[in-house]
Amino acid sequence: MAQERTLNREEPHYFGAGPALLPTSVLQEAAYDLISYGDENIGVGEISHRSKPAGGVIDGTKENLSKLMNIPDTHEVFFMQGGGTTGFSSIVYNLMANYTKRTGKKGKAAYAVTGSWSAKSAEEAKRLGFDTDIVVNTKDKKYGDIPPYSEWKPIDKESTAYLFVCDNETVNGNEFHDTPGTDYLPEGVELVSDMSSNILSKEIDVSKYGLIMAGAQKNIGLAGLTIYIIKKSLLEHATDEELSSKNIPLAPIAFHYPTVVKNNSAYNTIPIFTCHIINLVAKKLLESGGVPAIQKINEQKAKILYEALEKYPNFYRLPVTNPNVRSKMNVVFNLPNADLEAKFVSEAAEKKLTGLKGHRSVGGIRASIYNAISLESVELLVKFVNDFAEANK
């Protein structure tokens with residue numbers, strides 16, 4: 001006999017890196033909205049992307065994100081399909097078109113390679129035919145540290161459009177806890193950041209960034225939609241004729257930022273249900289005290305988990321060797337051998353602690369402790385970390 005289905009569930013202790021855990025209350029509300037939304041007799045996933053209700057979802061999501069992040073009037077919020085990989089392509093197309101508009105020249109892009117995702121972004125820009133300049137690359141240190149800006153290669157201010165950083169490297173477990181100042185970042189060179197795995201986890205000064213990109217599926221929603229927060233002046237582009245005359249590749253129209261913004265993120269068929277999920281998560285954060293409140297909890301979660309791992313330095317190895325750049329969202333570590341790592345994952349699952357297997361490219365263990373992961377879940381993981389070490393060291 002089939003088990004009766006319900007919108008209730010035992011609260012999961014799921015540490016997957018993405019798609020990641022969402023608040024149960026958000027999913028419950030979304031489930032009802034998927035059947036019938038507002039005064040409509042159809043669900044939010046069925047309404048036309050250019051209808052008034054859909055426009056309300058888009059505008060409401062933009063408004064709540066602006067409240068949560070204190071986004072200034074100088075910046076615009078919009079959404080596009082695709083995740084970070086799409087962003088890697090669209091960023092370079094669009095910011096180079098703006099650079100040519102401002103300077104009349106063909107520019108280049110600076111990249112800080114501090115993990116696998118920033119490396120992919122730099123590789124994509126180069127593959128698409130743009131000039132790139134790697135100002136720091138920590139691959140030889142297995143991405144275990146982020147050196148101070150004083151040790152980075154100086155940026156060529158005469159020809160550089162932007163500096164790209166990945167604020168939190170999901171695979172490698174490192175995170176920027178500051179931004180480059182004017183002593184490193186020249187005036188006119190825009191700071192661009194991929195915040196896919198730590199958006200809304202901590203307070204940031206949006207005014208310091210020319211562009212912030214964040215895939216929704218890690219810390220704020222479902223896969224399929226990406227948040228962009230851009231300085232409005234960067235939406236001014238050289239014409240297609242001007243770009244072509246300088247052999248600068250043109251952005252595909254679906255990823256052409258001015259077109260997307262002009263059409264309120266609905267130039268093509270935006271996944272409204274996914275946008276609605278982001279809005280529900282944003283509302284819940286606002287009701288819970290906003291980003292300052294969740295940041296305090298996130299710092300506590302990271303603190304107790306790292307402290308537990310550091311108690312057993314000969315058993316748990318932390319590949320991010322500099323504690324000052326360790327991620328508060330993705331805690332990565334290794335055990336003495338692969339067999340013990342497999343045992344760790346298996347025995348944790350028996351205690352309903354799941355999603356802990358490390359990324360396939362690096363192995364090991366990864367606990368993603370995003371906003372939706374409760375302090376209670378992390379406390380249970382900390383207990384298991386201690387018990388497993390005592391039983392197996």
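Where does S265 lie?

Analyst: S265 lies in the loop that connects α6 with α7 (272-287), where helices (H or I, at least four residues) and strands (E, at least two) are DSSP runs numbered from the N terminus. This is a predicted model, in which local features need pLDDT of at least 70 and side-chain atom pairs count only at pLDDT 80 or more, whereas totals for chains, interfaces and linings use all residues. Residues are numbered from 1 along each chain as its sequence is written, and side-chain values use heavy atoms, with hydrogens and water left out.

The backbone of S265 has a phi near 65°, a positive value in a residue other than glycine. Most residues other than glycine have a negative phi, and most peptide bonds are trans. S265 is buried, because its relative accessible area is 3% (buried is under 20%, exposed over 50%, partly exposed in between, with a 1.4 Å probe and protein chains only).

N247, found in the loop between α5 (240-245) and α6 (257-262), also has a positive phi, about 60°, although it is not a glycine. N247 counts as exposed, however, because its relative accessibility is 63%.

Elsewhere, the peptide bond from G18 to P19 is cis, with omega near 0°, and P19 sits in the loop between β1 (13-14) and α1 (24-35).

Turning to the cysteines, C275 is buried, with a relative accessible area of 0%, and C166 counts as buried at 2%. A search of the whole structure finds 0 disulfides, a disulfide being a pair of cysteine sulfur atoms within 2.5 Å.
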